[in-house]
Amino acid sequence: AVAGVARGVVPGAIRLNTVQKLTNSIADSFVSDLGGICINPITNIRNYGLTIWGNRTLATTQADTEKALYYLNMRSLINEVKKVCYRASQRLMFEQNSDVLWINFKSYITPLLDRMQSSAGISGYKIVKEPSERKTEVKASIKLYPIYAVESFDISVVLTNEEVSVEEE
C-alpha cells in the first residue's frame, strides 16, 4: 500500500514528466481534499526520491461517512482476498459438497488472512459458512476487521519554566 516513504517509494523512477514541481505541501493538500476527492500525487522527497504520497482513494471522504474502503491499503487488501477466494473456488469446483470441501476451502484462504493479521494489515477476520437454498452452492462471508493507517500526527512540544520532579513508585 502506498503511504509515503515507508512503502510509497517508486523503485527505479528517475524523474517525472511534468513542467511544474510538486512540492510536499502541495502533495499533502491533494491528499487532504481536492474538490471533494482525494488523489495520491507523486512527489520527490529528499533523501528518498520519487514517492507516491497518501493512502486515500478517489472516493469522497467526509469525516462522518469515512469507511475502510476509502483507503488504498484496504482496497488492495480486499482485492488480494478476492483473488485467493476465486482461485480456491475454481480449484474446488465440482467437488462433493461436504464438510471436507469447506475445510479445504478455508485452508486455501486462511494462510493469506493470517499473514495479513500478523503483518498488521487487519486486526482479525472471521470466515462464516452461510446456509444456501441450493445444494450445489457454497455460500460464505469473510469479515475483515481493518487497522487504519495513520494520516497525521498531532504532537505538542511544551517548554515551561517549572521545575520537573521525578518520583519512583
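## Ground rules

The expected span of a helix is 1.5 Å times one less than its number of residues. Helices (H or I, at least four residues) and strands (E, at least two) are DSSP runs, numbered from the N terminus.

Please keep in mind that this is a predicted model, where local features need pLDDT of at least 70, side-chain atom pairs count only at pLDDT 80 or more, and totals for chains, interfaces and linings use all residues. Residues are numbered from 1 along each chain as its sequence is written, and side-chain values use heavy atoms, with hydrogens and water left out.

## The overall picture

The protein contains 3 helices and 4 strands, arranged along the sequence as α-β-β-α-α-β-β. Of its 169 residues, 23% are buried, meaning under 20% relative accessible area, while exposed means over 50% and partly exposed lies in between (1.4 Å probe, protein chains only).

Contacts are heavy atoms within 4.5 Å. Among those with a separation of 6 or more, 42% join residues 24 or more positions apart.

## Helix H3

H3 covers residues 99-118, so 20 residues in the helix, and its first and last C-alpha atoms lie 27 Å apart, close to the 28 Å expected. The helix has a kink of about 35° at Ile 109, shortly before Pro 111. That bend is the angle between axes fitted to the seven residues ending there and the seven starting there.

Which H3 residues are buried? They are Leu 101, Trp 102, Phe 105, Ile 109, Leu 112, Leu 113 and Met 116. An α-helix has 3.6 residues a turn, so residues three or four places apart point the same way. After H3 comes Ala 120, with a positive phi near 65°.

## Lys 129 and its neighbors

Lys 129 sits in strand E3 (residues 122-130) and is partly exposed, at 38% relative accessibility. Leaving aside residues up to four places away in sequence, Lys 129 touches Asn 97, Trp 102, Lys 139 and Ala 140. Trp 102 is one of the buried residues of H3. Ser 141 is 12 residues from Lys 129 in sequence, with a C-alpha to C-alpha distance of 6.6 Å.

## After strand E4

Val 157 belongs to the segment after strand E4 (139-146) and is exposed, with a relative accessible area of 79%. Together with Val 150, Phe 153 and Ile 155, Val 157 makes a nonpolar surface patch of about 530 Å². Such patches take residues with over 30% relative accessible area and no salt bridge, joining nonpolar side chains (Val, Leu, Ile, Met, Phe, Trp, Tyr) within 5 Å and like charges within 9 Å. A salt bridge is a side-chain nitrogen of Lys or Arg within 4 Å of a carboxyl oxygen of Asp or Glu.

Notes
Accessible areas come from the Shrake-Rupley method with a 1.4 Å probe; for residues, only the protein chains shown count as cover.
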